[in-house]
Amino acid sequence: MEEKRNTNSPGFDRPKLNRSGSITSATSHPPRSNSNPKLIAKHQQQLYEESRNKKTQEQQIPQQQQQQKQSSNQSEDPALQLSSLKFESDKEKEQALLWAFLASYLPEDKSSLQKEFVKHVEYTLAQTRSECTDFSSFQALSYCTRDRLIERWKDTKLFFKQKNVKQVNYMSLEFLLGRSLQNSLSALGLVGKYADALMDLGFKLEDLYDEERDAGLGNGGLGRLAACFMDSLATCNYPGYGYGLRYKFGMFYQTLVDGEQVELPDYWLNYGSPWEIERLDVSYPINFYGKVSEVEDENGNKVMKWDQGEQMLAVAYDYPIPGFKTYNTVAIRLWSSKPSDEFNLDSFNRGDYLGAIEEKEKSENITNVLYPNDNTMQGKELRLKQQYLFVSATIQDIISQFKETGKPFSEFHKFHAIQLNDTHPTLGIPELMRILIDEEKKSWDEAWDITTKTFSYTNHTVLPEALEKWSVSMVENVLPRHIMIIYEINERFLKFVEQKWPGDMSKRRALSIIDESDGKFIRMAFLAIVGSHTINGVAELHSELVKHDVFPLFYEIWPKKFQNKTNGVTPRRWIQQSNPQLAELITRSLNSDRWLVNLEIIKDLVHLADNSSFQKEWMEIKRNNKIRLAKYIEKKCDIQVNVDVLFDVQVKRFHEYKRQLLNVLSVINRYLDIKEGKKVAPRVVIFGGKAAPGYYMAKLIIKLINSVADVVNNDPKVGDLLKVVFIPNYCVSNAEIIIPASDISQHISTAGTEASGTSNMKFSMNGGLIIGTLDGANIEIRDAIGHENMYIFGARSEEVNKVKKLIHDGKFTPDARWARVLTAIKEDTFGPHEQFQDIINSVSGGNDHYILSYDFGSYLDIQNAIDQDFKDRARWAKKSIMASVCCGKFSSDRTIKEYAEQIWGIEEWKRPGPVPVSNEEARSLLVPPPTGSPNDINAISIERLSPLTFVKQTSASPLSVISGDKNNNALKPKQTTKGFNIGGQPGNPTN
């Protein structure tokens, strides 16, 4: 019998709206039981009838199409499928059933959970109970969880293949995943069960969470957005794959020495990652350098041949990403660079020991670090090679999957959509063209039609200096075939421009993919626009700026190409996981946890914003979160803070346009007020974030913040009136502690410079009020939660250029308080002023590019208004509640649905899940029957028993390379010496 479900876990025994619109008993998975197949069929038929009756609640497809899909779903009842499966012979049926039963889904009873845990401690980690630490227990539990993710992921892949679905391939150079254990257990509905099971073994689940190190696969909002999107793809049951790079040392681990940022390698993989699945069977050749020549093919046609000068391999590592309370599980495929020659034994035997491993180290450098410092030519070239390895391996992998369908390439876009997350993957456009033309022998027009129907591009910046460019000469050297393709794309595009604007050379120069204004550079954003069918911004204001300010001529040519898709974040990570007390209050108040998959319904709590009891509980939760953060600050920074004062937080990537400098200058002003004896409201100001290693000014601002903190925190006259804290190594796991504790969060970029921002959404969801400019998603958040619940200041985007001119021409006189804070720095109040002279120069003498001096006065005034409002606890509580419960629009589930429906053209495909089967039923189907405990047979995968004519057997070789060219010598690594065959035979993976 199945153990009774833990009703303490959110979602059990409450109505739930599932992804297809039907109602089931809870957000938990359908219960498994050793039921009779006839009863199973009856139960499934009842669910189907219920789904059909309720479908009109969220109708999203035409009625006729919907009826067809419902009819199809009825015939796909898992139990009915099991009884109706056809096999070529009794022997095949027996083997298929035996395998399926032996690979039955892992049971969830307490005894089984404990047994799996101990098995991984004893056999995977080779430890005994006396040797088992919290860290090894975390590893064991992660392996237990990964086992369950793998079984779901494999069957999800099979399910999608059997349905011939179209999938999105989300290409992002960053995936800022954070920790995975808690998120995965929550998605699987196993938090309560494992907590109970481990308690008997002497372990606390919460302690094991803290043993996990953040995955070093991203840095800022770009990577965290990609991680949220993958969570939503899985939860919303969309077919998709994420593609990125497996960075050995992440970006860097940030520490502070004398207040300055110091970058250390992020050794996040030192003990391996229990979540990644190394796929030595999935690797692709990546070529660099060499020359291109025109040759004749076997049919006498002139074709281009690229003789590469350097070759390496890209090896796949897969990270399963579970959907929340659904059997659907997707994955992120990360590429790691490896040498095609692992070890040169000839060099070693000649005494050239360093040369023997030089090729290995050289190739592995490519994926060692996220965003290598590109202040040198070597760094620039390394970054270019990094991007090309990423896109080449990804495109080859997608083509390999497509070929399994047996469809012609003219239908490629019907099976695959490719989304470029910013310009980093843009080389994928010429790479797909290269493969289609050179390897698949398609004409230019055929290849271009396929390419432009496949790619779409998300722009994430309006700053001209941030729009990526590559030197033509560098690309010509590293990727000689691709520069030819890019020139051809540009030439054909400019002919089109000439037809639209005959003789207008200024427009040709403005629109050319090749920028020749100062040397020759490839404008990657232009290439992405020309090669994509859709371009989108990530907030309403940003999308308008993209159309009218950043790419106005492209918008004039292709107005229908441009869309807006306002960003979102996953409430599972950013409310349920990071703020469990608030999540419990929301669930209890709604009498449902359906908000976790439909965040819009939390607006039903608006009527409680004035309820004094609700306000009291809300603010008590906020205070508990502040206590948690205060303990973290004391542990990491050795600073004690008062939890009953206002917590003012600005945590994000350091950049001048994000204006952390404006914040610290206001801190100086507050400090000077205290020194002058003025009455000020007490406050804790918290900073966090990394500066790029080569970004001098951003690192200098970090130094100034810590110098100010050192003075303020050690001044006895200040005491608890003001504390300044810089939390080092800002990452997802400490963001989950910081964000729920904020009273105020700062999103104060110069208007018109921030594309969207997502931290503003996270803070607001957790009841943290926003002080900000009318920039990015701040505008939409303000409109959603109410103007009275956000603190807005500063110039508007349409005013910024005029303000800049006033400052540059010396016609603007700043607020008197502005001069006071700069004078304090110049007078060595925070250390020798010479070290901060470049900061002073950047905002003086007409050089104030981000108009800090102009916005400073209104910024200080709104800060004073915040101090006054915080004193009125009831009024503040209402603002906090409204900021949270009116933020439902900003779920990444909503964003993903918009992408799926309006850009990618993909549909929801929800797996029905495994079929419950008892041991008795298994014995009736198998001869001889399986033996073992009653829990041996639990639930089997119907996908494993469905025929798959296009799945090919994987080669036994761990280093085989996938290639469409049967004559390609890269099918296996070269042998370094006789008898040292590490290549084996080539083969195709089951992707």
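In this predicted model, strand β3 (residues 167-171) and strand β12 pair in the parallel sense over 5 bridges, where two strands are taken to pair if DSSP finds at least two bridges between them. Strands (E, at least two residues) and helices (H or I, at least four residues) are DSSP runs, numbered from the N terminus. Within this pairing, M171 has L420 of β12 as its bridge partner, and Y170 stands opposite Q419 in β12. Strand β12 also runs parallel to strand β13 (residues 455-458), to which it is joined by 4 bridges, and here L420 stands opposite Y457. Residues are numbered from 1 along each chain as its sequence is written. Local features need pLDDT of at least 70 and side-chain atom pairs count only at pLDDT 80 or more, whereas totals for chains, interfaces and linings use all residues, and side-chain values use heavy atoms, with hydrogens and water left out.

Strand β12 (residues 416-421) is mostly covered, 6 of its 6 residues being buried, where buried means under 20% relative accessible area, exposed over 50%, and partly exposed in between (1.4 Å probe, protein chains only). Both of its faces are covered, with H416, I418 and L420 buried on one side and A417, Q419 and N421 on the other.

These strands belong to an open sheet of 9 strands with mixed pairing, in the order β7-β10-β11-β4-β3-β12-β13-β17-β18. Because β7 (277-288) and β18 (562-564) stand at the edges, each with a single partner strand, one side of each is left without a neighbour in the sheet. Neighbouring strands of the sheet are turned by 25° against each other on average, direction ignored.

Helix α10 (residues 221-235) lies across β3, β4 (240-245), β10 (310-322), β11 (329-339) and β12, and runs at about 55° to β10; axes are lines fitted to C-alpha atoms, for helices over the stretch in contact, and angles run from 0 to 180 degrees between N-to-C directions. Helix α13 (residues 377-403) likewise packs on the sheet, touching β3, β4, β7, β10, β11, β12 and β13, and its direction makes about 115° with that of β7. Contact here means heavy atoms within 4.5 Å.

Strand β10 is largely enclosed by the rest of the structure, because 13 of its 13 residues are buried. It pairs with β7 in the antiparallel sense over 9 bridges, E278 having Y317 of β10 as its bridge partner. The pairing of β10 with β11 is also antiparallel and extends over 11 bridges, with P320 opposite A331 in β11. These two strands form a hairpin with 6 residues between them, and K325 in the turn has a positive phi of about 55°.

Elsewhere, helix α16 (residues 444-454) and helix α18 (residues 480-500) pack at an angle of about 85°, with their axes 13 Å apart. The two helices are therefore roughly perpendicular to each other, a term used for angles of 65 to 115 degrees, while those under 35 count as roughly parallel, those over 145 as roughly antiparallel and the rest as oblique. Their contact is made by W444, D445 and W448 of α16 together with I485, E488, I489 and R492 of α18.

In helix α24 (residues 580-590), L582, A583, L585, I586, T587 and L590 are buried, and what covers them includes α23 (571-577), α25 (612-637) and α29 (759-765). The helix is followed by N591, whose phi is positive, near 60°.
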